[in-house]
Amino acid sequence: MDNDKERDIIHKILDGDVGADEKKIISRDMESDPGLKEEFVGLENAVRMLEKSERLEAPPAFTTEVMRRLSRRAPSALNRVKDFLFGSRVLRWNMATALAAAIIVLVTIVTVSRIHREPSMTPAMTAASGLSESAITVRLTFHAPKAHSVAVAGEFNKWQTDADEMKKTDGTWSIDLKLKPGVYTYSFIVDGKSWVPDPGAESYEDDGFGSRNAVLRVNI
Amino acid sequence: MGTTMKNDQHPDEEAIIRRCLDGDQDSYSVLVDRYKTMVYNVAFRMLGDGDAAKDIAQESFIAAYGGLGQFRFGSKFSSWLYSIVLNKCRDHLRLVKETVSTDDIAGVRPDTGPSPEQAATANQGRNILQGALNALPPEYREVLILKHIEELDYQEIAAITGAGIPALKVRAHRGREMLRRILERAGVTHG
C-alpha cells in the first residue's frame, strides 16, 4: 500500500479514534485494493494478539518478598536527611490543634510586646535581657534662700558646673535629673564658686581635694 | 486478553499511602498485592524474561515505597507505578543491551506457566508474540504494551512516559507495522 492517507486511517481505526466518514472511505478502498485489505488484516491481527495476550500471574510469594526486602532496607543517613529536608509532608489538623496553636501565637505576641513596652524591673534583669537601662527621674533639693544661683555638678554630667542649673522656689533650689540606676558623687555649686556637698545626702565620699562629695544611689 | 485490568484509582489508596508515610510499612502490602500483576506483566512484556521481570517488578515496588513522599496526591497511583516500572525496564535494557534477532522470536519463553507438554500449543502463540515484542525498539514496545495490553488511552500514556500524544501515535503506528511484519514472517496469520 502506497497511500499514506489510507495507512493513517487504518491506524486511527486501530487506535479507536476514527470517524464514520473515514471508516466508509477505508472500507470502500479495501474492497477495491486486496493489498490494502491484507495489510489491514495483518495489523488487526497483531493488535488482537496483543489484546488477547495472557495476563501472567505474579510469581508466588511476590508480595511477601517485596515486604521482606523493604524491611531489610534501612534508608541511608543521606536519604533520611534528604527526605527530611525535601520530602513532601502532609499537614493534618483539627480544631483543637488549631485553637492551641492560635493561643500559643497570641500569648507569644502579647509577651513580646510587653517586653518591648515595659522596662526591666531590676538591674540584674536588665543586664540579663541585654536591653538598655531606663533612666529614672531623681529630684535634688537644696535649701539656700540667700543664694543667687545654685547648680549641681557630678559624675552624671562630667562635673560641668553650668550644665544643670537648679530652680529656686520659696528659698529651696531643686532640679530633676534623669539618671540611670547606679552610684554617683556630686556637689552643689552656690553662686558659681562655692562647692557645697548636699546636706541631705545619704552618704559622702572624700573628693581627694580635702573636701567631700555627696553620694547618690539610684535604684529602681 | 486473559484478564482485563482497568486501573482506576481505588478510593482507599490515598489513605493507605498516608498510613505508609506515617511509618505503617505493613499497609504497603495492600498496594503491592493490588498492583503486582500489573507491574509484573508490564515488566515481563518489556523484558521477555520471567526472572528479570520479577526482579524489576519487586525493585519497582521498593522504589515506589521509598519515593512515596514525592507522590502527588490526586494523581493515579497506578500511573505512577507504570512510570517507575518502565524506567526500571529501560535501565535494565540499556544495561543488557538486548539484541534479539527476529529469527529467534519463537525461542523466547517465560519461566512461569504450565509444563512444556501443556504449553506446547498455547505457549507457541504467546512465545511468538513475546519474541516479536522483544524485537521491537523499546520505545515502540512500551507504547504497544500500554495501549493494547494495558488498554490505556494516549492521554494517560503521555502522562506516564512524558512523551507527547502525536509522538506516541507515531510510535504505535510504526510499532504495529513492525509487529505485523515480524508475525507474518513467523507464519502467524491470525490471532
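Start by selecting A:D191, which sits in the loop between strand 6 (182-190) and strand 7 (194-196) of chain A. Keep in mind along the way that this is a predicted model. Look at the backbone here: A:D191 isn't a glycine, yet its phi is positive, near 55 degrees. For context, most residues other than glycine have a negative phi. Is A:D191 buried or exposed? It counts as exposed, because it has 12 C-beta neighbours inside 10 Å and the cut-off for exposed is 12 or fewer.

Now widen the selection to both flanking strands. Strand 6 and strand 7 of chain A make a hairpin with 3 residues between them, and A:D191 is in that turn. The two strands run antiparallel and share 3 bridges. To see how they line up, pick A:F188 and look across to strand 7 of chain A, where A:V196 stands opposite.

Stay with strand 6 and look for its other partners. Which strand pairs with strand 6 over 5 bridges in the antiparallel sense, with residues 212-218? That's strand 9 of chain A. Select A:T185 and you'll find its bridge partner, A:V215, in strand 9.

Strand 2 of chain A also pairs with strand 6, again antiparallel, over 5 bridges. Here the pair to click on is A:A151 and A:I189, the latter being the bridge partner in strand 6. While you have the strands on screen, a general point for reading side chains: in a regular strand they alternate between the two faces of the sheet.

Next, follow the chain out of strand 2. The loop between strand 2 (150-154) and strand 3 (164-165) of chain A holds A:K158, and A:W159 has its place in that loop too.

Take A:K158 to begin with. Why does A:K158 count as exposed? It has 8 other C-beta atoms within 10 Å, and 12 or fewer is enough for that label. Then draw a distance from A:K158 to A:Y186: the C-alpha atoms are 9.7 Å apart in space, with the two residues 28 apart in sequence.

Finish on A:W159. What is the phi of A:W159? It is positive, about 60 degrees, although the residue is not a glycine. As for its surroundings, A:W159 is partly exposed because it has 14 C-beta neighbours inside 10 Å, and that label covers counts between the exposed limit of 12 or fewer and the buried limit of 20 or more.

Note on methods
Residues are numbered from 1 along each chain as its sequence is written. Chains are lettered from A and ligands numbered from 1 in the order in which they are written. This is a predicted model: local features need pLDDT of at least 70, side-chain atom pairs count only at pLDDT 80 or more; totals for chains, interfaces and linings use all residues. Helices (H or I, at least four residues) and strands (E, at least two) are DSSP runs, numbered from the N terminus. Two strands pair if DSSP finds at least two bridges between them.
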